[in-house]
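Please find below a colleague's note on the structure shown.

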Amino acid sequence: MKALIIGSGLMGVTSAYFLSRGGWEVTVLDRQDGPGQETSFANGSLLTPSMPEPWNAPGSWRVLLKSLGRSDSPLKLRLKALPQLSGWGAGFVRNSSPSRFALNTVRNLRLALYSMEVLGNLRRETGIEYGGASRGSLRLIRDPQTLERALEWAQRLRAEGLIFRRLTPDEIVAREPVLAPIGGQLAGGIYYPVDEIGNACKFCVGLTELARRGGVEFRFRTPVTGIEVRQGSVTAVLSGDSRFTADRYVVAAGSYSPLLLKRLGLDVPVRPAKGYSLTFESPRLDPPFRLPVCDDDFHAVVVPLEGAIRVAGTAEFTGYDLSLPQARIRNLLRLVRQVLPSAGLERGQATPWCGLRPMSVDGVPIIGPTPIGNLWLNTGHGHLGWTLAAGSGKLLSDLLTGDSPRVDPDAYALARFAGPLAGRWTGRDG
Ligand SMILES: Cc1cc2nc3c(=O)[nH]c(=O)nc-3n(C[C@H](O)[C@H](O)[C@H](O)COP(=O)(O)OP(=O)(O)OC[C@H]3O[C@@H](n4cnc5c(N)ncnc54)[C@H](O)[C@@H]3O)c2cc1C
């Protein structure tokens with residue numbers, strides 16, 4: 001059987017690798033020069049089953065509304081994005097009820113834990129190297145009540161497999177001495193031993209090479225300009241004058257997936273949520289920085305990555321805008337200096353980057369078939385794409401190959417959406 005995959009980010013590359021291992025003949029198309037060049041390029045580098053919560057936590061829509069007109073809000077809605085978000089926004093609010101939020105958190109956690117297992121196996125079997133480290137992560141919390149709430153919530157997730165340990169400020173500093181200057185500001189924290197770090201782009205490049213050796217064909221600089229549908233099935237994917245055909249087609253085009261699918265009359269509830277990172281090469285830190293940190297108050301992660309420090313965070317609903325405004329960069333610089341005041345980090349050392357998280361309306365990825373017979377999806381991973389990538393690629397491959405998946409596929413299926421956002425297909429040929 002032949003599969004054609006659109007996209008060579010984390011989802012496209014993992015799907016290609018596992019499908020090829022399952023005996024499929026696979027071709028991957030991407031408009032970029034190589035794999036992992038868009039949202040999978042310089043993300044926060046954290047693999048965090050410890051943070052499975054969707055962003056539509058109860059009350060988050062109020063934070064979004066308040067952010068209109070503020071330039072420093074970590075979660076930000078821009079007026080110009082409102083038209084694109086109208087129906088999606090209503091779904092975002094609907095999914096922020098306490099019961100939906102809890103259900104969606106558990107769905108992400110199950111896939112995240114499975115993903116860590118798949119990634120571990122992949123490392124052992126292939127020796128793939130991507131600057132990874134399995135030391136766990138630290139969550140820092142300044143307010144005592146927030147700490148108690150976070151521990152209560154973690155306790156609920158323990159039944160689903162979350163492993164964590166409460167830490168006092170002294171224990172935090174003992175684990176990560178670089179945090180000594182801010183130890184006095186903390187109410188405490190949580191250590192999550194299962195979390196890992198790794199360079200997502202390097203992983204995409206490494207897995208592409210392994211997949212290529214296994215027979216996968218990658219065609220870069222190949223922008224997909226259309227998907228041809230006849231009588232309810234895809235008959236070809238088009239790139240300019242070229243036509244690519246297969247038995248099954250997989251859209252793994254990140255935030256651009258809904259744009260490709262909209263032309264077919266398929267409304268997939270995914271919208272871009274922009275985020276930023278700054279990477280500081282060769283920071284001078286003694287003792288060295290070893291443990292990735294998530295700072296609750298600053299809504300940012302600070303990660304030691306292959307001798308560099310990366311800070312990532314903020315979410316803006318601002319459409320497909322990929323500009324790098326100085327105000328957002330200054331904001332991240334201010335945050336990282338507050339977490340690592342002794343590092344002496346300067347703007348001149350930092351490489352800024354931004355990417356568009358493919359955010360599904362309920363904060364859970366969309367993996368599996370569509371109403372168009374042979375068209376499949378692996379998209380909508382939002383802020384958790386690196387954490388969920390290996391498990392998502394394996395789930396998609398198991399479903400296509402007919403193997404029994406290890407996680408419940410219904411939890412990630414497009415068909416879970418009810419009502420007008422239901423991945424509806426209007427029956428149009430495209
Ligand atoms: C600031 C930031 C920090 C993040 N931090 C973390 C983190 O710490 N941990 C975590 O788990 N996740 C994190 N994420 C999320 C994670 O990076 C994404 O969920 C993930 O990269 C999405 O992968 P993808 O393959 O779906 O999309 P992409 O990586 O964007 O891949 C899509 C591919 O499709 C191609 N494509 C699109 N349209 C077309 C077309 N028409 N024709 C041909 N090719 C096309 C693109 O070129 C691209 O290569 C972060 C994201 C951001 C922005």
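1. Basis of the note. The model is predicted: local features need pLDDT of at least 70, side-chain atom pairs count only at pLDDT 80 or more, and totals for chains, interfaces and linings use all residues. Residues are numbered from 1 along each chain as its sequence is written, and side-chain values use heavy atoms, with hydrogens and water left out.

2. Length of helix α7. Helices (H or I, at least four residues) and strands (E, at least two) are DSSP runs, numbered from the N terminus. Helix α7 comprises 14 residues (200-213), and at 1.5 Å a residue it should span 20 Å; its end C-alpha atoms are 20 Å apart, which agrees. The expected span is 1.5 Å times one less than the number of residues.

3. The buried side of α7. Ala200, Cys201, Phe203, Cys204, Leu207, Thr208 and Ala211 are the buried residues of α7. They cover an arc of only 150° around the axis, which puts them on the same side of α7. The arc is that of the directions from the helix axis to the C-beta atoms. Buried means under 20% relative accessible area, exposed over 50%, and partly exposed in between (1.4 Å probe, protein chains only). An α-helix has 3.6 residues a turn, so residues three or four places apart point the same way. The buried residues of α7 pack against α1 (10-21), α4 (98-126), β9 (217-219) and α10 (385-401); contact means heavy atoms within 4.5 Å.

4. The ends of α7. Gly215, with a positive phi near 110°, follows α7.

5. Val216. This residue is found in the loop between α7 and β9. Val216 is buried, at a relative accessible area of 3%. Although Ser20 and Val216 are 196 residues apart along the chain, their C-alpha atoms are separated by 6.6 Å.

6. Asn108. Helix α4 contains Asn108, which counts as buried at 0% relative accessibility. Leaving aside neighbours within four places in sequence, the contacts of Asn108 are Pro52, Pro54, Gly363, Val364, Pro365, Leu384 and Leu388.

7. A polar side-chain atom of Glu38 lies 3.0 Å from an oxygen atom of the ligand, and a polar backbone atom of His383 is 3.0 Å from a ligand nitrogen atom. Taken alone the ligand exposes 1000 Å², of which the protein buries 97%. These areas come from the Shrake-Rupley method with a 1.4 Å probe; for residues, only the protein chains shown count as cover.

8. Backbone angles. Most residues other than glycine have a negative phi, and most peptide bonds are trans. The peptide bond from Asp286 to Pro287 is cis, with omega near 0°. Glu306 is not a glycine, yet has a positive phi of about 50°; Glu306 counts as partly exposed at 40% relative accessibility. Thr314, in strand β17, has a positive phi near 65° and is buried, with a relative accessible area of 7%.

Notes:
Polar contact = N/O pair within 3.5 Å; in protein donor to acceptor, adjacent residues only side chain to side chain.
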